[in-house]
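Colleague: I have some questions about this model. Can we go through them one by one?

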Amino acid sequence: MFKKILIANRGEIACRVIKSARKMGIKTVAIYSDADKQALHVQMADEAVHIGPSPANQSYIVIDKVMEAIRQTGAEAVHPGYGFLSENKLFAEALAKEGVAFIGPPAGAIESMGDKITSKKIAQEANVSTVPGYMGLIEDAEDAVKISNEVGYPVMIKASAGGGGKGMRIAWNDTEAREGFQSSKNEAANSFGDDRIFIEKFVTQPRHIEIQVLADAHGNCIYLGERECSIQRRNQKVIEEAPSPFLDEATRKAMGEQSCALAKAVGYTSAGTVEFIVDGERNFYFLEMNTRLQVEHPVTELITGVDLVEQMIRVANGEKLSLTQDDIKLNGWAMESRLYAEDPYRGFLPSIGRLVKYNPPAEVASDTAVVRNDTGVYDGGEISMYYDPMIAKLCTWAPTRLAAIEEMRVALDSFEVEGIGHNLPFLSAVMDHERFVSGNITTAFIEEEYPEGFQGVALPESELKRIAAATAAMNRVSEIRRTRLSGRMDNHERKVGIDWVVTLQDSRFAVTIDADPEGATVGFEDGTSLRVTSDWTPGDSLARLTVADAPLVLKVGKVSGGFRIRTRGADLKVHVRTPRQAELAELMPVKVAPDTSKLLLCPMPGLIVKIDVAVGDTVQEGQALCTVEAMKMENILRAEKTTVVTKINAGAGDSLAVDDVIMEFE
């Protein structure tokens, strides 16, 4: 077995590989850029080598720099993670020439299956059903428009070497085809160093289901079930699960056998994933093969008990698979939520900065529940603008799908992240969405259910009542502590009142609190009552309570006259007042937000790539105004209405902060 391996990656996947290597008794080497000097993967590895400036194209994807780090440390093998050099055949060839093992497939398999155009041709030759499209290279934007019309709108414009949603656009008309071609080409060049683009028919109402395969160099290949990856935003997976709630055993078997046949046809070894689009009749169509470890591999590990990273290392060491297809049994259900540094209230635009607080839920592993958090960050660390915005992958497992969802709800509510915008509220909202819970999902789920973007969560009255009871009991504890600290006591503590009014999310609850040493019974005007117990202490940012015999987890902040409460995707200002205070509060004027309708504000920290208009131009609703790049993604900002540009405050190449004014309108 290898004594030392180098991980040619960063972030959570580098940390993930280190964990398996450590379990196997293998020393690890991390590489890092300027931005990652204090990164978690650097701290976890046995050795670390600096390889260049912060931009990936000057560090992590420069083959010569990685090779020098290998020579410097004497690493015998390299795990590439995903992204960066993981599907770069030149890197695999360079390692082979140096006599260093690549913990991944052969260069030939990477070349044939890692390239989307080539892989589709091979699939067609192997009589695998594929989605209609144009497999040749596309010269320019006008050529893209012509091909799009031939294929028929809507079309998917994709980077041939792409992955992770980078270099991918959906076009519904000629204008979007032109814009999408150029943006996809730019993103592909920046992210992968390969700007080739192809176009295929965009299949509406599909499910994205993928098969995990594992093959060795001795002719053995097995499949480890499927992953449902249909919850996507901007073609980037957000929530995955295994198995799929849609497949039956016959379809699973057919997809698995076809995936293995395809892997064998190209001499594939190591872990790989074959992706399919599956329609409502369970017809499946080959999309591509990812010749690497997938981001969402933990859910497969949780339902099969197989450590995929360990298997990859063993295969690279020349070992035969110790597992046969009959050994693979799917046990229970697993969920993965990708926590991104993206602000859901700003259209999921990237957010960077310091993690003022990063406190994930405790990891758990039992026969009835698992909570797993794969991450590459830590409390006080920085989220950089140079790399993918993923913070962590939160995973849960339980014997049934509904139980796995409930475990995820509690885990998300318990996950504390402060200092940056993040998508925790959105993930919680999906877990509570009736359509998701039922399993009736497609890749259009987010687009269809959140057409105006994410505006937060409005909780049902029953949940608001539970929160009202909880916060009333918490307020009583705070009031008792406040009177003690104030010193306003004689021989007896000043009595804290029992009548309160709780207001939250346009609801008002008059309550009476009957407290005892074990907790409090909170009575409501309708004659009902809820029993509240908790060990919460004023100042704690997380409250774990039991309300009416059911758990309730609240993130707690202080506001004047009450609390800021975040739970189940909702962000609430909860005021707990005496009846007299509540009367007076209703007379207070409402603060009006400033009018920014005549300004184009930068929605994220980023770089202006180009300005599409000039002062004096009349712009139409939906017209492109400028392009901002952040975290390897290009974002086109569009006019919200017909108006005239009166001033432009920024130009191409300018770096802007959130809410910097880019241009002004009449």
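Predicted model: local features only at pLDDT ≥ 70, side-chain atom pairs only at ≥ 80, totals over all residues.

Colleague: Is isoleucine 138 buried or exposed?

Modeller: The cut-off for buried is under 20% relative accessible area. Isoleucine 138 has a relative accessible area of 5%, so this residue counts as buried.

Colleague: Which residues is isoleucine 138 in contact with, leaving aside neighbours within four places in sequence?

Modeller: One of them is isoleucine 197. Isoleucine 138 and isoleucine 197 are 59 residues apart in sequence, yet 6.2 Å apart in space, C-alpha to C-alpha. With the neighbours within four places left aside, the contacts of isoleucine 138 are Asp143, Ala144, Ile147, Phe181, Ile197, Phe198 and Ile199.

Colleague: Which residues have the most contacts inside the largest nonpolar core?

Modeller: In soluble globular proteins, nonpolar side chains tend to be buried together. Here the largest nonpolar core has 38 residues. Those with the most contacts inside this core are Ile391 and Phe436.

Colleague: Which element gives the most to this core?

Modeller: At least two residues each come from β12 (236-242), β15 (333-340), β23 (390-398), α12 (401-413), α13 (424-432) and α15 (445-449). With six residues, the element that gives the most is α13.

Colleague: Which strands stand at the edges of the open sheet of four strands?

Modeller: The order is β37-β36-β34-β39, with antiparallel pairing. β34 (residues 606-611) pairs with β36 (residues 624-630) over four bridges, and with β39 (residues 655-656) over two bridges. Each edge strand has a single partner, so one side of it is left without a neighbour in the sheet. The edge strands are β37 (633-638) and β39.

Colleague: Which residue stands opposite lysine 610?

Modeller: On the β39 side, leucine 607 stands opposite serine 655. In β36, the residue opposite lysine 610 is threonine 627.

Colleague: Serine 270 and aspartate 549 have positive phi. Is each one buried or exposed?

Modeller: Phi of serine 270 is near 85°, and this residue lies in strand β13 (residues 270-278). Aspartate 549 has phi of about 65° and sits in the loop between β29 (542-547) and β30 (550-559). Serine 270, with a relative accessible area of 1%, is buried. Aspartate 549, at 77%, is exposed.

Colleague: What is the volume of the largest cavity?

Modeller: The search of the whole structure finds one cavity of 30 Å³ or more. Its lining residues include Lys166, Arg233, Glu342 and Met631. By class, the lining has four nonpolar, two polar and four charged residues. The volume is about 90 Å³.

Terms used:
Residues numbered from 1 in each chain as written. Heavy atoms only, no water. 1 Å grid on protein atoms, 1.4 Å probe; cavity = no way out; pocket = protein on both sides within 12 Å on 5 of 7 lines; lining within 4 Å. Points joined across faces, edges and corners; volume = space filled by probe spheres on them. Nonpolar A, V, L, I, M, F, W, Y, C, P; charged D, E, K, R; others polar. Core = buried A, V, L, I, M, F, W, Y, C linked by side-chain atoms within 4.5 Å. Buried < 20%, exposed > 50% of the residue type's maximum accessible area, 1.4 Å probe, protein only. Pairing = 2+ DSSP bridges. Contact = heavy atoms within 4.5 Å.
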